[in-house]
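Trainee: I have just opened this entry and would like a guided tour. Could we begin with the overall picture and then turn to the details?

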Amino acid sequence: MTRTKDNKDENSKKSKSVRRLFFVLYFVMAMLSVVLFVYSWFSNMDVAQKHARSVSHVAKGSLDIETIALLRGLAQDKDTEAYKTIQSNLFNIATGDGDIRFAYLYVQRDGKLFFLADSEPVSSTMYTPPGQEFTDGEEVYGKLFDNNSILITPVTKDQRGSRVSILSPITNDNGDFIAVLGLDYPATTWYMPSIIGCAKTFIIVLAVFLLAVAIHALMNSNRWLKASQIKFKNANEEIKSSEEKYRNIFEYAPVGIFNFDKNALIVDCNDFFVGIIGSSRKMLVGLDLLSLRDPKIVACVKTALQGETAEYRGTYESVTADKKTPVRGLFSPILSNTRAVIGGTGILEDITQRKKLGDELRLKSLVLDQLEERITLTDLDGVITYANKIQAETMGLTAQEIIGGTTDIYGEDADKGASQNEILEITLKEGSWRGEVVNYLADAQEIFMDCRTQIICNAEGEKVALAGIATNITHRKMMEKELYDEKEQFRTTLLSIGDGVIATDAKGNITLLNSIAQELTGFTQKEANGKPLEEVFHIINELSGKRSENPAHRALSGGKVFQPAEDTLLIARDGTQRYIEDSAAPIKSKQGDIQGVVLAFRDISEKKKKQQEIEYLSLHDQLTGLHNRRFYEQEVQRLDDEKYFPLTLVMTDVNGLKLTNDAFGHKAGDSLLQKIAEIMRRECRAKDIVARIGGDEFVLLLPKTDAKQAETIIARINAAIAKEEVCNYVMSIAVGYGVKRDNSVSMDEIFIKAEDAMYRNKLTDSSNVQSKTIDQIMNSLFAKNQRELFHSKRVGELCGAIVTEMGFSQPDIDQVRLAGLMHDIGKIGISEAVLNKEGKLNTGEWSEIERHPEIGYRILGSVNEFSKIADYVLEHHERLDGKGYPRGLSDTEISLQAKIISLADAYDAMTSGRPYKAPLTKEQALEEIKKHSGTQFDRNVAEVFIEMVLGEKWT
C-alpha cells in the first residue's frame, strides 16, 4: 500500500509538473498569437500598399502625358478628343482592376482642386464633369502638390462611401507637375486582405493550439516521437519538392525570367529569356544591367533595387546580339527574411505576336464597322465589350456609351419575343441561339430583328465571350403583314415589294413588271408585256462580258429556284449597267404544273461599292491614298523574285513634320504628307510601288531598277519637291536606298540598309530644314499680325540694351536679343481672330493666349540651335510672386534672361498700347514697373533698365 501511494504521489508530481509546463506553453502561445495578429495585420497592409502603388505606377504609365497636358480643367474640355481619350483610359483602368472603384485626374489651381476627368460614363450619377471643384477632397489631397511622390490617404468618406485613395503625381519629361492620378478603393476592399490575413493567422494559431492539446494527450505514448520523425521527413521532402518545382517553373515558364544581384549583375536566367535576347546564357550571366543603352530598362532595374515594382514596354535592342524585340517586362525586388533588398528579378515577355494581333484586330474592327449587320460582343455575363458602327447608329448612341452596359439596352419587347436573359441562358446552355426579337427605337418606332448568338471559345476550347449578329427584318415583316392582311398571294406581293420583279408565262414571255423592275430595266409594263424575258432582262457576266444564261428558262426547265452566278450586270434600255442579285422560281399550280416564272432581282451597286471601298481601305492609306504597310508587305514578298532583280527599296522620311504640326497644327502636317505623297506617286513609274508605312515614312519598291536608275528617280522626286510652292512650311525628305541583285541577301537586310542610309541623310539635312521652318513660322506670324513684327523687334532691341548694360558677353547678348525677337513665336498657334481682336479678350480667349509660351517652347526646343533660348521663351510670362504662367514659377526658379524679356515685353506693351487699351506715357510705364518690382519684375533688372538704359532716376 505504501509503495502504491508513493507511486501515486510521484505520478501526481509528474502530472503537476507537466501541467505547469503546458500552462507556461499556453501562456507563451497566447503572447505569440497577439504578436502574430499584429504582425499579420501590418504585413498585409504593407503588401496591399505596395500592390496599390504598383497598380498606380502601371496605370500612370498607360496614360499619354501629352494628351493630359491638353486638358485645362474647364467644362469646355468635355467635347475635346483629348478628354474622351483620357476618360476612356480611366474607364479601362477602373474596370481592368476589380478592386478599384473609381479612377480620376485632378489639378490644383489657385489653392483649389479641380477635376480633369474621371472613369464614370456621362450617364452615371457619379460622373463628375471636367472643371468641377473637388470639394469632397480632404486636405491630404492637396499635399501631393508639395511632395512629388505617391501618397496613400487615410480612410475618407464622401457620397460614394468610405474609401482609401492612391494619389500618384504625373509629370512631363522635364519633371514638371501637370496632374494627379487618383485611384479609389472601397474601405472594405482595402482592409479585406488584412482581415483575411488575420483570419488565416487565427486558423494557424488555433491549429497550433489543437496540436499542443494533442501532444499533451499523447505525452504518455512513444508514438509521438515516431510521428514527429515522419513529419520531419515529409517536411524535408516537401522542401526538396518545392525547390524542384520552383526550378522547373523558372526553367520552363513561357516567359523570360532572370535574376540579378544588388549590384545589378545578372546571376541566373532561363532558356526562354536567352531566346528572347538572342544570345547565350554564358554571355548573359554577369551582364551589368546598368550599362544597357536603354535608359528605361536601367530606370526599372534601379526601381526594383529600391524595393519597388516597375514595368517596361518597348523594343529591346540586345547588346550581346544583333536583335531587336518588342517586349513587356516586369521588374520586382527580391527581399531577405529581414525585408532588405538583396537583388531583383525580371520577367520578360515577347509581345511581337501580340502587337501584330492588335494591328489585325483594329483592321477587323474597321471591316466590321462597314457591315450592314448589327454586331455585338459580350462577356459571359452579357456585359457588352464591342458594338459595331451600325449598331451604335441604330441606337442613337456612341460605341463608348453602349460598351459596359448589358444587352438590355437594346430594349427587347419580351411579350413579342425572347428576352435578353432568355437568349443568354439558352446560348450558354446550348452553344447558340437564333430567333426574332422586337426592339423599339428612341422615337418608339417598332423594329423586327433576326438575331443569332454564338459562344466564342479560345484555342483551349474555353468559353470566353458571346457574339451576336442582328439583321433588321422590319421591312420583310411588314411585307408579310401586308400579305396576311390583304390575302393576295401573288400580284399584290409582286407589285409592292422593294425588289424588281418580273413574272412570265410558261413560254417565258413577260406578263408583269413591277415599278422597281420598270425603273431598273427602262421598260414600261405596256412595252414589256408579251415580250420574251431576254429582250427586257438583259444580263451579262462582269468578268467575261458575255451574256448570262436566261434564269427563267432554267427555272422553267428544272422546276426549281435558280440563282445565277455572282458578278451579274443588268444592262438597262439606256445602256446603264447595274450590279444585281437575282433569282428565278417557277410558279406552280396545285397539281404541280409549271405555269410561269417569277424573277426577283435587286440593285446591289451600292453594296458592291462598299465592298470595293472596304477592299481599297484595307490596302491603302486613308490620308494620302497611297498603298499602306499591309500592301507593301504583300508586294515585297511578291517582288522578292529573280525575275524582278535588281530590286531597289527606297526609304524616305519627311523632315520637320513634328515642327510643322507644333507650329501650324496637324492639318498642315497632313497637307504636307499629302503633297509629298502626290509628288512621289507622280514621279514614279507605273510599275513602281509607293507606300506609306508609318507616320512620316514612305517606301518605294522599284523592280528591275539598279542603283543608277534609282538615283535618277530620287533626284526627280527631290526636284519636284523643291519646285512645289507651299505657303507656310518647308518641304524636304530624307532618302536612303538599298539594291537587291541576287538571293545572297534578304529583303529585311535591304530594308535595314536603306533605313540606315535614310537616317544618315536625315542627320545631315534635318537641322537646315528646321531652321528654315523656324524662319517660315516667324514670317507667318508677322504676316498674321504686323503689330507683332514691330513689337518683337522692339523687345529684342530692349533685351540687347539691358544685357549689354549688365555686362553680358557678346554671344550672350546676341542670344538674349534673339530670344526677345522670338519670344512670341508661339502665337503662331493662336487664331488670327484672337490675335487681332479689337476688344478685350474673354476668359476662353485669354486661356488660348496663355498657351503661346508652351507652343513657342515646343517649336524652338525641337531645333538644336534654338534649344537654349526655348527655356527663356517658356518662362517669359512667369512672375517673381509665382502668379505667372504657364508653370507658376517664382523668384530663383525663373532664369535671369526670362526676367529681362518679361520686363522688356511689358514695357513695350504698355507704351505701345493695344486696340482695346490706350498706351501709357513713358513716365506712367516706369511707375508701373517700379510698383510691381519684386512681385512681377526683378528689381535689379528694373533698376538697370530705368537708370542705365533709359537714363532715368529710380526715385
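Trainee: How much of the protein is buried?

Mentor: Of its 955 residues, 41% count as buried, where buried means under 20% relative accessible area, exposed over 50% and partly exposed in between, with a 1.4 Å probe and protein chains only. Please note that this is a predicted model, in which local features need pLDDT of at least 70, side-chain atom pairs count only at pLDDT 80 or more, and totals for chains, interfaces and linings use all residues. Residues are numbered from 1 along each chain as its sequence is written, and side-chain values use heavy atoms, with hydrogens and water left out.

Trainee: How many helices and strands are there?

Mentor: The protein has 34 helices and 26 strands. These are DSSP runs numbered from the N terminus, with helices being H or I of at least four residues and strands E of at least two.

Trainee: Which strands make up the open sheet, and in what order?

Mentor: The open sheet has five strands in the order 13-12-16-15-14, with antiparallel pairing; two strands pair if DSSP finds at least two bridges between them. From one strand to the next, the twist averages 25 degrees.

Trainee: Why is one side of strand 13 and of strand 14 left without a neighbour?

Mentor: Strand 13 (384-387) and strand 14 (432-440) stand at the edges of the sheet and each has a single partner strand, so one side of each lacks a neighbour there.

Trainee: And what joins strand 12 to strand 16?

Mentor: Strand 12 (residues 374-378) and strand 16 (residues 463-472) pair in the antiparallel sense over five bridges. Arg 374 has Ala 470 in strand 16 as its bridge partner.

Trainee: Which strands does helix 13 lie across?

Mentor: Helix 13 (residues 420-430) lies across strand 14, strand 15 (446-457) and strand 16, and runs at about 170 degrees to strand 14. Axes are lines fitted to C-alpha atoms, for helices over the stretch in contact, and angles run from 0 to 180 degrees between N-to-C directions.

Trainee: Changing topic, is strand 7 enclosed or open, and why?

Mentor: Strand 7 (residues 256-261) is largely enclosed by the rest of the structure, because five of its six residues are buried.

Trainee: Which strands does strand 7 join?

Mentor: Six bridges join strand 7 to strand 11 (residues 341-350), and the two run antiparallel; here Phe 260 has Gly 344 as its bridge partner. Three bridges join strand 7 to strand 8 (residues 266-269), again antiparallel, with Cys 269 as the bridge partner of Phe 258.

Trainee: What lies between strand 7 and strand 8?

Mentor: They form a hairpin with four residues between them, and Ala 264 in the turn has a positive phi of about 70 degrees.

Trainee: What do strand 17 and strand 18 form?

Mentor: They form a hairpin with four residues between the strands, and Gly 508 in the turn has a positive phi of about 90 degrees. Three bridges join strand 17 (residues 500-505) to strand 18 (residues 510-513), which run antiparallel. Ala 503 stands opposite Leu 512 in strand 18.

Trainee: Now the helices, please. What do the buried residues of helix 31 pack against?

Mentor: They pack against helix 27 (810-821), helix 30 (852-861) and helix 32. Among the buried residues of helix 31 (residues 867-875) are Ile 869, Tyr 872 and Leu 874.

Trainee: At what angle do helix 32 and helix 33 cross?

Mentor: The axes of helix 32 (residues 896-912) and helix 33 (residues 922-931) cross at roughly 145 degrees and come within 9 Å.

Conventions
Contact means heavy atoms within 4.5 Å.
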